[in-house]
Amino acid sequence: MPHIEAVTCPVCGCLCDDIRLRIEAGKIVEVKNGCAMCESKFLGYCGEHRLSKPLIRKNGELVEVSLNEAVKKAAEILAEANYPLLYGWSSTSCEAIRIGLELAEEVGGVIDNTSTVCHGPSVLSIQDIGIPSCTLGQVRHRADLVIYWGCDPWSAHPRHIERYTSFSDGRFEKSEWKGYLSKTKALIVKKKIEKALKRVFARETPSLSPHVRREPPPTLFKEGRKMIVVDVRRTRSAETADYFIQVEPNRDYELLEALRLLVRDEELEVEEVAGVPVAYLEEVADLMIRCNFGALFFGLGLTMSRGKMRNIDAALSLIRDLNTRTKFTIMPMRGHFNVSGSDTVFTWQTGYPYAVDFSLCYPRYNPGETSAVDVLLRGETDASLIVASDPVSNFPRKAAEHLVKNPLIVIDPHVNATAQMGDVVIPSALVGVEVEGTAYRMDHVPLPLKKVVEPPEGLISDEEILRKILSEVRKIKAGKMEES
Amino acid sequence: MTSNQRLQAILITGRTIEQGVGKEKGKTSKEYLDGVAICHIDPADLKKLGIKGNVNVQISTIYGSVVVKAVESPRAPHAGIAYMPYGPWANAVIDPDTDSIGMPSLKGISAEIEPAGDKPVLSLTELLKSQFGKEPYAPH
Ligand code: SF4
């Protein structure tokens, strides 16, 4: 079987399902259609950073043990804990997440996924306001105005623009790739001239002021797809855009509210908002109202900066306002390949998308109280199970400290900071490469993850490991019942 | 040129393609260290600090302090804003407060940057050991 077509890439929320792999002697040797992150995953998955043997910390050091011993130890820790945290889930299959939820209920712990530190505020806000959304296919075929706010798809979702928005060839809207190429060429020439001038005059000729305050270019009003980027930095995506709006850090809320006023034809009595002249904003608002089908994608630039969920409130409200004048949709740019799936499976099973507490034997949801970072900062947990995630790297240091201080069970295919700090470490087979499963794309379309090669000997999927731990926990609990 | 300058900046953390690729290569890889234990600084700010790119700097906030490599920002100009990719180095200095909604504050933290002299950038294993005082697993 030399070639495998239509493989789903298990890296980011774009979940591109057009990857073509060439397999030779049981190894992936060539990746077609993928971006750099995808290639890195499919070609480097079996590198030296792979965990190969289960480990248990004995006398302060992690030593190799059998799978059964590691599973038993993990089950003991979880069964004994009063309030364990079960965290991660966004980089594994929906099937594994389902077992994780069962385990959380069984041990009366708190279960949370990585939404809590990425689009948690978006979820809260969507619950308050609602979200006019659509699938990415709709955007690809119809959107004539695409706005990326506080996100940099070139870096985090490298094929998003090419597959789903401005550079994709849709049924009703054409790709803007050619226009972009000629623009880039012109930019390179301009940079060369500037460099030459700099050499001749030995002085700097800054082409842009420190804060970019360019007025909307005439090309913004051309026919065809248009792309606007709003960010605090001139990212690579911003350079691709037809128009880049540089917002001052932590002032997105004001800018969104200003746009709302303008969309509702109200006057603004100031010269500029968040560092952007109102005259420019008026043109942008005009463009938004006049488009046929607009799509706004937002990222962590909105959810993580000051205002957090209130920023998302404003963004969702702006889109709601716009829908009284035209068709507009909005979507969060989900990072991990199955973070949407985590939210979805959590919701099926418990009624809530993340931060679910089972300590009272029924699911409770109160982000800020039952969310991972908060229970850690308050020092409430007494053990943790981390699946396919790296909170020691990703959580604020104080939260990570509490995590590391207590018994820490890690299930992951790779060595990462959390595994390095673990007390029980169980390596798993890579879902989407060595085992199959299901994941949800950022627009909530479920896609199958394929098995393309055999896993290294002895490695089983997250799902199977969790099943083993769950059955072991049940045995321990049954034993205790008999004793008493 | 003075090298004991301090710079007040707003620290933003975020994703970069190097971090994304390094992350898939493995978190103990050199690619990950090179892509993540860094801080993008505006050329004008580097000048204020009296240093060039590729020099170690110490980033301090009220939450902690960490040494990373200063890299001349490819996305300049953004004077006064310093940018660090997500990762354990950035997390040593970010604001843990979740404003009661579960989400720590990872963007827009005020920070102080100064040249680190000969203080080295710690590898992931060294950083973990110094932060948590537990022996990290060292893969062969
Ligand atoms: S954009 Fe995301 S899903 Fe698509 S190939 Fe790249 S990493 Fe994979």
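**Where the chains meet**

Guide: Happy to! Across the interface of chain B and chain A, the rule finds one salt bridge, meaning a side-chain nitrogen of Lys or Arg within 4 Å of a carboxyl oxygen of Asp or Glu. This is a predicted model, where local features need pLDDT of at least 70, side-chain atom pairs count only at pLDDT 80 or more, and totals for chains, interfaces and linings use all residues. Residues are numbered from 1 along each chain as its sequence is written, and side-chain values use heavy atoms, leaving out hydrogens and water.

Visitor: Which residue forms a salt bridge with B:Lys134?

Guide: A:Asp423 does, with the closest N and O atoms 3.2 Å apart.

Visitor: Switching topic: which residues are around the ligand?

Guide: Among them are A:Cys9, A:Cys12, A:Met37 and A:Arg159, each with a heavy atom within 4 Å of the ligand.

How values were computed: Chains are lettered from A and ligands numbered from 1 in the order in which they are written.
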